[in-house]
Amino acid sequence: MHHKLILLHGFPHDKFLWDPNRQGLADVADVYAPDLWGFGANVPERRMTTMDDMAEDLHRSIAARKMDRLVLCGLSMGGYVAMAFLERWPELVHGLILCNTRSTADSEEAKAAREVTANDALDKGMAVIARGMLPKVLCRKTRHERPDIVERMETLMARQHPTGVAAASRGLALRPDRTATLRSYTRRALVITGAEDELMPLPTSQAMIEALANAELVVLPDAGHLSNVEQPHLFNAAVMGYLSSL
Ligand code: MLT
């Protein structure tokens, strides 16, 4: 039976983050990759959008589509949204894939940086944010050998709506530690990260593996924070292997 694979993008991306994966994964699952609240075409005017707001918005669109047997697959901020959704609707989550993310809350320093990012998005515009983020989200090899990926990701981030990005940045600062939510999850889970992810170093993934009762860790070589984009074939293979084990 086909699972409903829900692909949740990171910050500041939209559903097109999943372009390199969508087709391959559609062979083994019904894929749904929405724009999270504040991104892509889904931009309500709000001052702040929390991970719980995004999870509620996701729940509304899933309910409208009458989906069940959900497998949530979230990258970074998408992972935070997946954990917020799991906390609220555990009975709906049949599978969980957490990519390049963490279950812990922001430090005080990181919270202050979120407000700076929010103001920069509004005052300086998304082109500046996109250029600043690129070196942090792609590993050295991708940056040097894959100008196509560099350009695609810069364009994708730069076209996001500053208001939605600012609202999400403020919401990111408020997210609670959800390690206990992971502890309560007893089904099989998968954690994927990039060997060179500077934003989410390996110990953050190992901590999630320890919290989860039954999870496997896959570390993709020559990948930074955007492991699904930098290593789409290995990423898809990991997801497909996991789906077939459910
Ligand atoms: C993301 O990629 O979604 C963000 O980098 C997550 C974060 O800043 O915590």
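Tutor: A residue counts as buried when its relative accessible area is under 20%, as exposed when that area is over 50%, and as partly exposed in between. The model discussed here is predicted.

Student: Why is Asp-14 called buried?

Tutor: Asp-14 has a relative accessible area of 2%. That value is under the limit of 20%, and therefore Asp-14 is classed as buried.

Student: What makes Arg-159 and Asp-14 a salt bridge?

Tutor: The closest N and O atoms of Arg-159 and Asp-14 are 3.3 Å apart. The criterion asks for a side-chain nitrogen of Lys or Arg within 4 Å of a carboxyl oxygen of Asp or Glu, so the pair qualifies. The two residues are 145 positions apart in the chain: Arg-159 belongs to the loop between helix 7 (147-158) and helix 8 (162-173), and Asp-14 to the loop between strand 1 (3-8) and helix 1 (19-26).

Student: Why does Arg-159 count as partly exposed?

Tutor: Its relative accessible area is 46%. This falls between 20% and 50%, so Arg-159 is partly exposed.

Student: How do you know that Arg-178 and Asp-52 form a salt bridge?

Tutor: Their side chains come to 2.9 Å, N to O, and this distance is within 4 Å, so the pair meets the criterion. Here too the pair links distant parts of the chain, with Arg-178 in the loop between helix 8 and helix 9 (179-183) and Asp-52 in helix 2 (residues 51-64), 126 residues apart.

Student: Which classes of accessibility do Arg-178 and Asp-52 fall into?

Tutor: Arg-178, at 4%, is under 20% and is therefore buried. Asp-52, at 29%, lies between 20% and 50% and is therefore partly exposed.

Student: What makes Arg-146 and Asp-148 a salt bridge?

Tutor: The closest N and O atoms of Arg-146 and Asp-148 are 2.7 Å apart, which is within 4 Å, so this pair also counts. As for networks, salt bridges with shared partners join Asp-52, Glu-87 and Arg-178. The whole structure holds 14 salt bridges.

Student: How many aromatic pairs are there, and why is that of Phe-11 and Phe-39 called edge-to-face?

Tutor: The count is 3 aromatic pairs. For Phe-11 and Phe-39, the centres are 6.1 Å apart and the planes stand at 80 degrees. The distance is within 6.5 Å and the angle is over 60 degrees, so the pair is edge-to-face. Phe-11 is in the loop between strand 1 and helix 1, and Phe-39 is in the loop between strand 2 (29-32) and helix 2.

Student: Why are Phe-11 and Phe-39 both called buried?

Tutor: Phe-11 has 12% relative accessible area and Phe-39 has 0%. Both values are under 20%, and the label therefore applies to each.

Student: Why is Ser-205 called buried, and which residues does Ser-205 contact?

Tutor: Ser-205 has a relative accessible area of 0%, which is under 20%, and is therefore buried. Ser-205 lies in helix 10 (residues 202-211). Apart from neighbours within four places in sequence, Ser-205 is in contact with Val-191, Thr-193 and Leu-217.

Conventions. Residues are numbered from 1 along each chain as its sequence is written. This is a predicted model: local features need pLDDT of at least 70, side-chain atom pairs count only at pLDDT 80 or more; totals for chains, interfaces and linings use all residues. Side-chain values use heavy atoms; hydrogens and water are left out. Helices (H or I, at least four residues) and strands (E, at least two) are DSSP runs, numbered from the N terminus. Buried means under 20% relative accessible area, exposed over 50%, partly exposed in between (1.4 Å probe, protein chains only). Contact means heavy atoms within 4.5 Å. Rings of Phe, Tyr and Trp (its six-membered ring) pair if their centres lie within 6.5 Å; planes under 30 degrees apart count as stacked, over 60 as edge-to-face and the rest as tilted.
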